[in-house]
Amino acid sequence: MSETPAASKSFMQKLLDVVERVGNKVPHPAVIFLILIAIVVVLSHALFVAGTSVSYEAIVPAAESLAANENQSMPYDFGMAVDYQAIDAKNYVIEPREVAAKSLLTTDGIRFIYSSLIPNFMGFTAVGLMIVAMVGAGVAEEAGLVKALIRKLVIVAPSGALTYILAFVGIVSSIGADAGYLVLIPLGGAAFMSLGRHPLAGLALGFAAVAGAFTVNMLIKPLDAVLVEFTNDAIHMVNPELSIGLTSNLWFSIASVIVLTLLIGFVTERIIEPRLGKYAGETPAEESAGLSADEARGLRFAGMAMAAVILVFALLTLPAGAPLRNPTTGELIGNSPFMNGLIALIMVSFLATGAAYGIGAGTLKGLSAIIKAIEKAIAGLGGLIFLLLIISQFVAYFNYSNMGTILALKLSDALKSSNIGPLALLIGFIVVVAIIDLLISGAIAKWAIFAPIFVPLLIRLGVDPEAVLAAYRIGDSPMNAITPLNAYFALVVGFAQKYDKEAGVGTVVALMLPYVGWLFIVWTALFAAWFWLGLPWGL
């Protein structure tokens, strides 16, 4: 990776260089997680022997809901996606619970380790999402569609606005679940490289936008439905007559998207790019400023294919009673088959447009070439799939031990007993959520624990429940960009190694730390100002 001269570096740039060097000296991520698994196993037994436990009230599915869905797939939680059949967001109850540390060295623990190897991996949804997405993305990349689209974007977009366009698209991409991780992040690197800018800066921008602002959007998404209903269940513990709606954080979310778009663009141009300096790696061969006749024809074919895809999905979604609407409520945006299976739309769109572009531009010769492009893309995931196999075991063992829940509740108790004012308590809540996000990355899983604790507490202090939910959105997002427990962190490391063979965990962490720090500072300041001014959080 190229760097700016040492004499011209600021203290912060030098500090980030140290973080990168130290981080890159750590073992391979697979080895790191094997060590963490060993630590979890030993620590779980120590806490079990000590009799560690906590009592709390949690939001859990009603018994009849579980019975009705016992033969259906259960929801997965990597921060966004939910199964519309398995989750009835209104059918949850508040239930007192006691959680004790569970040892992985007892008879039951050893049985769990031995018997859960395959279920742990198969339940790690990120693996399936990546493979499915690469079916389409591999064809689009091999055909040359991605490169042509980037060149077209560079031609039509003002050069000074490209950074902010990518940041905005990255933030709002959360409406498509995890598609932003798979599409926007590598697109950012390729777009920057095509302009002669450092591709690692483009990757960092994409990762910051997709992960660091994941919980806000300008539209309502499935995650909102679950978070709002969990909040309402917690509200009813103290006020059965009060509820909030899906748009309860809409105004704050829209303002957050605008502010964070500007912030991420600013950090990229003023901190990340100056630190990286001029890119010294391999660059694409010089190309003409415009598109060739073959490329233009390929893009026309791709446009026609995209129009066909839109037509098909319009027929599947727009009419009343359409197959991809929620079979119970009829809704399309929110908790519906269309939104929860959006990765299929992403895959079909890339596959259709990539194949059409390849045929039009002459870069793909027949069906065999398309199949080979898919095989090539999936073969490139081999190392990542092995790493995710190990990560899935660590996550399962950590969850089995109950250590994450115990830590979250201990921190929550400390915050509740601090006797500080509402705004200070909300800011402290943001910090606690951020700390726990390093260990429990799923937005739904954490809110199921925190909502029954903090929503009633802050309502009694006169705080609107909408403010508590807004604070949770802030605490849950920025750390996603630096926690290795983010299912896509390893994928981003792989993207970085495409441009810098020496890149590792330290490289990505050093790139993302400025974003994480500024996101927390500015986003929390926006929240505090919003709270102090008494502005409406949403509709």
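Is the crossing of helices α19 and α23 left-handed or right-handed? The crossing of α19 and α23 is right-handed, where right-handed means that the near helix is turned clockwise from the far one by less than a right angle, and left-handed anticlockwise. This is a predicted model, in which local features need pLDDT of at least 70 and side-chain atom pairs count only at pLDDT 80 or more, while totals for chains, interfaces and linings use all residues. Residues are numbered from 1 along each chain as its sequence is written, and side-chain values use heavy atoms, with hydrogens and water left out.

**Overall make-up**

- The protein chain contains 23 helices and 2 strands; these are DSSP runs, numbered from the N terminus, with helices (H or I) of at least four residues and strands (E) of at least two.
- Of the 539 residues in the protein chain, 53% are buried, meaning under 20% relative accessible area, with a 1.4 Å probe and protein chains only.

**Helices α19 and α23**

- The axes of α19 (residues 422-437) and α23 come within 11 Å and cross at roughly 150°; axes are lines fitted to C-alpha atoms, for helices over the stretch in contact, and angles run from 0 to 180 degrees between N-to-C directions.
- That angle makes α19 roughly antiparallel to α23, a term for angles over 145 degrees.
- The contact (heavy atoms within 4.5 Å) involves residues including Leu426 and Ile430 of α19 and Phe520 and Phe527 of α23.
- The residues of this contact divide into 10 nonpolar, 1 polar and no charged; Ala, Val, Leu, Ile, Met, Phe, Trp, Tyr, Cys and Pro count as nonpolar, Asp, Glu, Lys and Arg as charged, and the others as polar.

**Helices α4 and α17**

- Helix α4 (residues 107-115) and helix α17 (residues 382-401) pack at about 155°, with their axes 11 Å apart.
- Helix α4 is therefore roughly antiparallel to α17.
- In this pair, Asp108, Gly109, Phe112 and Ile113 of α4 meet Ala396, Tyr397 and Tyr400 of α17.
- The contact of α4 with α17 has 5 nonpolar, 1 polar and 1 charged residues.

**The interior**

- Within the largest nonpolar core, of 131 residues, Trp447 and Met512 touch the most other members; such a core is a set of buried Ala, Val, Leu, Ile, Met, Phe, Trp, Tyr and Cys residues joined through side-chain atoms within 4.5 Å.
- Helix α23 (residues 505-533) supplies the largest share of this core, 13 residues.
- Helix α22 (residues 489-499) has 8 of its 11 residues buried, so it is largely enclosed by the rest of the structure.
- Among the buried residues of α22 are Phe489, Leu491 and Tyr499.

Terms used: Buried < 20%, exposed > 50% of the residue type's maximum accessible area, 1.4 Å probe, protein only. Parallel < 35°, antiparallel > 145°, perpendicular 65-115°, else oblique.
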